[in-house]
Amino acid sequence: MSVNTEQKKSGEDRGVRAPGGVSWLEFSWRLGIPVALVAIMWVIPGPNAVSAQAWHMLAIFIATILAIILHPLPMGAVTIIGMLATVLLGVVPLTAPEDDPTAPYALMGFSNSTIWLIVMAFLISRGFIKTGLGRRIALFFVSKLGKKMLGVSYGLAVADLVMAPAIPSATARGGGIMAPIMKSVAEVYDSKPGPTARRAGSFLAINVGQVNAITCAMFLTAMAGNPLIATLAGQQGVDITWAKWALGAIVPGLAALIIVPLVVYLVYPPELKDTPEVVDMAKSELHKLGPLSYGEKVMTATFVLLLFLWTVGDMVLGINATTTAIIGVVILLITHVLTWQDIISEKSAWDTMIWFSVLFMMATALNKYGLIAWVSDSIAGSMGSLGWVPALAILCLVYFFSHYLFASATAHISAMYVAFLGAAIALGAPPLLGALLLGYISNAFTSLTQYAGGASPAIFGSGYNTVGQWWRVSAIAGLVSVTIWLVIGSGWMSLVGIW
């Protein structure tokens, strides 16, 4: 071994690589590009209709979104850097100005109730996983519907749907609970990555990804980005509650859960159609689990209470969604289903709180400084000759397919949702209809690619599908899904008086 090689190996052993295990060169350009973007936009004046403060906020915001995509550091670290930049460069103050309490400030997101809702929902979801209730639910529905491969896909879909309201991590639900059970089903028939993948695993993997995107769209607490959507919609004067979101989603969501797995089955059929052994496998696993444990019983009762209060609590009892979620966490703590160590160990919850709070602050500042109104009016002006119905459909489709450019649903929502909603409202679309449709599509597009966000990376990582297979089938299934949300969803929301 040469001296240079020995020195290189010694350096690697000492851990001199950049954060994330990449080379310092790669880390430098991943971080350097966003920094350079801020510098360039800082010296180049913006449009006359945009204030300098708004333009500078936009520069930092775009750089933050770009850094989230390039990933020189984890998302939370990137957003903290972005927040620091807004303070040091004088774009927003650190705390609320005394002369204008409504002005945006750097730490404003950390006191936002919607952000605390998603944190509490993450903690509740830990109870599902810790007690094993999530796995039991999935095995139960597979045991009831698993005699046919299509039935297996529906069994997994119903299980995902049942857990969705209380598990806001698409990765935890789809990748942590559903994917292992999907893999167990495939291995019953010796379907493994490689030559035997098409027997069962390839079909089931794509189907679990598609279903996860649909169930994420059906509840405000089913995906971490949904409360961000509700908050951004609120800045446009649109009030989205848990009950309103669920009411608008229930019919198109159920329709998508029925139709999309069938489309995947027809477009990308498994070699095996009959699967009686799967029922026996699921029943055997349920037998091993035995009767419901104490933790599962408490978790089930708490979940039922949460659904009740999320649905009617705000309207009847004056208990909003965030308070309801806190009640759920307190119950789990008092009954010792969760410990305080569980609470502080739930890294996803606290990580989400940080990046969520910072992106909320930036979006609020852009709106307050007039940038969002300017962008929305510009988009609306380019579509002014269209009526609001075709214009809203075009906006939704552009929003949906533009996700090929994003590796994060949150980054996409932060970058485009509020501007597209503002454009839809400016074109005459009913505000709540536009807000909900764009919100549902913000979840539907997470199944488009293997990097789209949510559970897709974890499911694709099982190795059952090639990139080409995933993209081709997901493009077809995704188009069917977004059509269902637009057509059936709009009709249903009209019927129930949402617009």
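User: Before anything else, what counts as a helix or a strand here?
Analyst: Helices, of at least four residues, and strands, of at least two, are DSSP runs, numbered from the N terminus. The model is a predicted one.

User: OK, how many helices and strands does the protein have?
Analyst: The protein has 22 helices and 0 strands. Its radius of gyration is 23 Å, close to the 23 Å that the globule rule gives for 499 residues, so the protein is as compact as a globular protein of that length.

User: What box do the C-alpha atoms fill?
Analyst: Roughly 75 × 70 × 50 Å, taken along the principal axes.

User: And what share of the residues is buried?
Analyst: Buried residues make up 55% of the 499. The protein exposes about 20,000 Å², and carbon and sulfur atoms supply 67% of that area.

User: Which residues in the largest nonpolar core touch the most other members?
Analyst: That core has 174 residues, and M57, F128, L156, L204, I240, Y399 and Y417 are the ones that touch the most other members. Helix α16, residues 347–368, gives the most to this core, with 12 residues.

User: Take L156. What is it in contact with?
Analyst: Leaving aside neighbours within four places in sequence, L156 is in contact with V142, M178, I181, M182, L204 and V208.

User: Switching to I65. Where is it, and is it buried or exposed?
Analyst: I65 sits in helix α3, which covers residues 52–70. It has 6% relative accessibility. Buried means under 20%, so I65 counts as buried.

User: Which residues are in contact with I65, leaving aside the close ones in sequence?
Analyst: Setting aside neighbours within four places, the contacts of I65 are L359, F406, A411, S414 and A415. A411 is 346 residues away from I65 in sequence, yet their C-alpha atoms are 5.8 Å apart in space.

User: New topic: what is the phi of H71?
Analyst: H71 has a positive phi of about 60°, although it is not a glycine. H71 lies in the loop between α3 and α4, and it is partly exposed, with a relative accessible area of 43%.

User: And H336, what is its phi, and where is it found?
Analyst: H336 also has a positive phi, of about 65°, and it is not a glycine. It is found in the loop between α14 (321–334) and α15 (340–345). H336 is exposed, with a relative accessible area of 65%.

User: Last one: how many positive and negative side chains?
Analyst: There are 25 positive and 22 negative side chains, and the centres of the two sets lie 9 Å apart.

Note on methods
Residues are numbered from 1 along each chain as its sequence is written. This is a predicted model: local features need pLDDT of at least 70, side-chain atom pairs count only at pLDDT 80 or more; totals for chains, interfaces and linings use all residues. Side-chain values use heavy atoms; hydrogens and water are left out. The radius of gyration is taken over C-alpha atoms; the globule rule is 2.2 Å times the number of residues to the power 0.38. Buried means under 20% relative accessible area, exposed over 50%, partly exposed in between (1.4 Å probe, protein chains only). Accessible areas come from the Shrake-Rupley method with a 1.4 Å probe; for residues, only the protein chains shown count as cover. Lys and Arg count as positive and Asp and Glu as negative; His and the chain ends are not counted. The place of a charge is taken as NZ of Lys, CZ of Arg, CG of Asp or CD of Glu. Contact means heavy atoms within 4.5 Å. A nonpolar core is a set of buried Ala, Val, Leu, Ile, Met, Phe, Trp, Tyr and Cys residues joined through side-chain atoms within 4.5 Å.
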